[in-house]
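Here's a quick briefing on some charged side chains and a helix. Have a look at the model first, then read on.

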Amino acid sequence: MNYSVDEIEGGIAVLIDEDGEVHEVPSVTLSPDVKEGDIVNYRDYIWQKNPEETEQSAARIQALLRELQKKNGK
């Protein structure tokens, strides 16, 4: 299952799974390269960045932003 990193603050990372469920995990369990907005998977006892899914997610978000800008005449 994929999880989106919503927030990292105060030693806690807030992850949202594919069903929209929110999970709080210790930020020390994140791989050092993980940042907010990344898509992660739990493997080998650590939350690891999934580069392919992160890239696809960013592309989907950019496409949605372009659509919204067109609708708003920007």
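Lysine 35 is partly exposed, at 48% relative accessible area (partly exposed sits between buried, under 20%, and exposed, over 50%, with a 1.4 Å probe and protein chains only). Bear in mind that this is a predicted model, where local features need pLDDT of at least 70, side-chain atom pairs count only at pLDDT 80 or more, and totals for chains, interfaces and linings use all residues. Residues are numbered from 1 along each chain as its sequence is written, and side-chain values use heavy atoms, leaving out hydrogens and water.

**Salt bridges**
- The count comes to two salt bridges (a side-chain nitrogen of Lys or Arg within 4 Å of a carboxyl oxygen of Asp or Glu).
- Lysine 35 pairs with aspartate 38, with the closest N and O atoms 3.3 Å apart.
- Aspartate 38 also bridges to lysine 49, and here the closest N and O atoms are 3.9 Å apart.
- Strands here are DSSP runs of E, at least two residues, and helices are runs of H or I, at least four, numbered from the N terminus.
- Put together, Lys35, Asp38 and Lys49 form a linked salt-bridge network.

- Aspartate 38 counts as buried, at 2% relative accessibility.
- Lysine 49 is partly exposed, with a relative accessible area of 24%.

**Helix 1**
- Helix 1 (residues 51-71) has 21 residues and should span 30 Å at 1.5 Å a residue; its end C-alpha atoms are 31 Å apart, which agrees. The expected span is 1.5 Å times one less than the number of residues.
- Glycine 73 follows helix 1, and its phi is positive, near 70°.
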